[in-house]
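Hi,

Here is the structure I said I would hand over. My notes on it follow below.

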Amino acid sequence: MLPAVLDLTALRAAYAGGTTPLDVIEDVIARRRAWDDPAAFITATPDYDLRAAARELMDSAPEPNSLPLWGVPFAVKDNIDVAGLPTTAACPAYTYLPEKDATVVARLRAAGAIVIGKTNLDQFATGLNGTRSPYGAPRSVFNADYISGGSSSGSSVTVAAGMAVFALGTDTAGSGRVPAAFNNLVGIKPTPGLLPNTGAVPACRSIDCITIFSTTVGDGVTVRKVAEGFDSGDPFSRHAAPASLPVSGLRIGVLADNEREFFGDVEMETLYDQAIERAKALGATIVPFDYAPFREAAALLYGGPWVAERLAAVESFFASNANDFDPTVRKIIAGAKGKTAVDAFKGRYRLEELRHLTDAEWRKADILLLPTTPTTYSVADMLADPITLNSRLGRYTNFVNLLDCAAIAVPAGFRSSSLPGGVTLIAPAFTDDALAPLADALHRAAASGMGKARTARLPEESRVAPVDDGFVPVVVVGAHLQGMPLNHELAGSGGRLVKSCLTAPEYRLFVLPGTVPPKPGLISEPGFSGKGITVEVWALPPAAFGAFVQKIPSPLGIGKIRLEDGTSISGFLCEAYAVKGAEEITHLGGWRTYINLKKAS
């Protein structure tokens, strides 16, 4: 028997145990009929066609789990083409019948996945709330009075309700992340261009992303790897250039107090704080950063000339069919008519200025941890004030594609009302794989289940293993400490501070005479029992570590230093002969205390 909410681990185990794709499809058909939110789908794949797809798979690839996504049911946002099913973009007058699949859909089907239908969305992917569709407003799986989030509303509901293992969405301003937060799901938003948009109706073509909703990070990454890859049919497709993040010494940027805005949702702020504490418990260093330049970049997406790109996507249709648009969507797209080429260049210039300002903040942190949304709203509230409330939902999402970032949204727990909240990890372009282990660990630590199954345990089989970044740890004790004269040799070569800690008790510290800048000598003396010496552990790229070691002057050298937690890491040690007659400062506990005392005297 399949679980209430589906994931790759459970499905593969069922197939290995004798369940067939036809069995699963019959179950999906039953679930689809039983779900009490008729707005989730715009076009469901007919039952007959679903059964035929299952039989065809069993004939062409009879060995269970012989393809990466063998017999995996998935849903597709209805602005992404599926051959034989109409594409509407939630506008009936726009409907066309595609002859072939979008590139990502074709890749997923070739891997054995089965499309169960086309899902509802905010019309032309213009919105973050899920109420801007003539096909109805899909609701949160936890409370039908509340929005499901948009624009990929129906896609998130199909996964959270247990009708699909995963679903495709799109994301320009946050549409692949906001619905994940409102339905207790993972939202994988790849680096722009990593997944080709060939066969997708554009919103803002230059920054659109096809995204993945899943119940675990591991499942989403598996699907992403099947779907990604350069496609010459998409002028914005890019060859992947994977970038690393530090495995140790990770610095996570969080909102400074003056940039926190939750619009009165105290419980969502609490969920954010709890997520920060979980990240800290996972070993990250938490660093407040200035969100202001990111916020201003976010405002450009709807308040600047990028709204003209939405008009460019549907210009001829809008000219002839403006009355067929949702009133709010029409108002937004019509606002582009006053934009000029001059405005476009000015907006681009301002974005580049803001990029430089955000670069300064990126030097403080490797990853940003933000609320996915500051709050949520009922459908009634959203319909009463659609522009203002929708804008609030995008406060922490709108900048991500403009600034060429990868992001993964994960659940962060529940309010007392049983409505979920989420957080998003964001990092520079092509860190998609590097982000996944932390996102997975953060999701697991939240213990919030999967979709509507709040108490479900995330399967071990989907756990994302950390990626070895190849950096080499080194212990420093004196002039290379943060803020000291030689620290630039570490920080300037790509080094990252891992932690500050104490050595084991057997170490003594001396002032080396005649050194410029002043340096200490750390020696190990078996049997000595002190309080430990304060040191810092840094991590260096391998090439930088080699160059760094070559510069170390005698009588200093690199040897293994035992830390208070029992681990041993290479670091600065001194030859014993060099400290004979030297001033001992072991009692001060570290070099920084000694330097501060010298300055004060």
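**Cavities, pocket and packing**

The lining of the largest cavity splits into 6 nonpolar residues, 1 polar and 1 charged. Here Ala, Val, Leu, Ile, Met, Phe, Trp, Tyr, Cys and Pro count as nonpolar, Asp, Glu, Lys and Arg as charged, and the others, Gly among them, as polar.

First, the ground rules. This is a predicted model, where local features need pLDDT of at least 70, side-chain atom pairs count only at pLDDT 80 or more, and totals for chains, interfaces and linings use all residues. Residues are numbered from 1 along each chain as its sequence is written, and side-chain values use heavy atoms, with hydrogens and water left out.

**Cavities**

A cavity is a set of points, on a 1 Å grid over the protein atoms alone, where a 1.4 Å probe fits but cannot get out; a pocket is an open set with protein on both sides within 12 Å along at least five of seven lines; lining residues have an atom within 4 Å of a point. Grid points are joined across faces, edges and corners, and a volume is the space filled by probe spheres set on the points.

By this rule there are 4 cavities of 30 Å³ or more. The largest cavity holds about 40 Å³. Its lining is Phe124, Thr126, Pro202, Ala203, Arg310, Ala313, Val314 and Ile333. Helix α10 (residues 307-321) gives the largest share of that lining, 3 residues. Helices (H or I, at least four residues) and strands (E, at least two) are DSSP runs, numbered from the N terminus.

**The largest pocket**

The largest pocket has about 510 Å³ of space. It is lined by 25 residues, and the closest to its centre are Ser206, Ile207, Trp306, Glu309 and Arg348. The pocket lining divides into 10 nonpolar, 5 polar and 10 charged residues.

**Two buried residues**

Buried means under 20% relative accessible area, exposed over 50%, and partly exposed in between (1.4 Å probe, protein chains only). Contact means heavy atoms within 4.5 Å.

Alanine 409 sits in strand β12 (residues 405-414). At 1% relative accessibility, alanine 409 is buried. Beyond its neighbours within four places in sequence, alanine 409 is in contact with Arg177, Ala180, Leu185, Val186, Gly187, Thr372, Val423 and Thr424.

Phenylalanine 182 belongs to helix α6 (residues 178-182). It is buried too, with 3% relative accessibility. Phenylalanine 182 and glycine 422 lie 240 residues apart in sequence, yet their C-alpha atoms are 7.5 Å apart.

**Helix α18**

The buried residues of helix α18 (residues 542-550) are Ala544, Phe545 and Phe548. Seen down the helix axis, they fall within an arc of 100 degrees, so they line one face of α18. The arc is that of the directions from the helix axis to the C-beta atoms. On the other side of α18, Ala543 and Gln550 are exposed. The buried residues pack against β14 (472-476), α17 (488-491), β18 (534-540) and β20 (568-574).

**Strand pairing**

Two strands pair if DSSP finds at least two bridges between them.

Strand β19 (residues 556-562) and β20 run antiparallel, joined by 7 bridges. Lysine 560 has serine 570 in β20 as its bridge partner. β19 and β20 form a hairpin with 5 residues between them, and glycine 566 in the turn has a positive phi of about 95 degrees.

Strand β11 (residues 367-371) is mostly covered, with 5 of its 5 residues buried. Strand β9 (residues 251-255) runs parallel to β11, and 2 bridges join them. Glycine 253 stands opposite leucine 368 in β11. β11 also pairs with strand β13 (residues 420-428), in the antiparallel sense, over 4 bridges. There, proline 371 has valine 423 in β13 as its bridge partner.

An open sheet of 3 strands has the order β17-β16-β21, with antiparallel pairing. Its edge strands are β17 (520-524) and β21 (583-584), each pairing on one side only.

Best wishes
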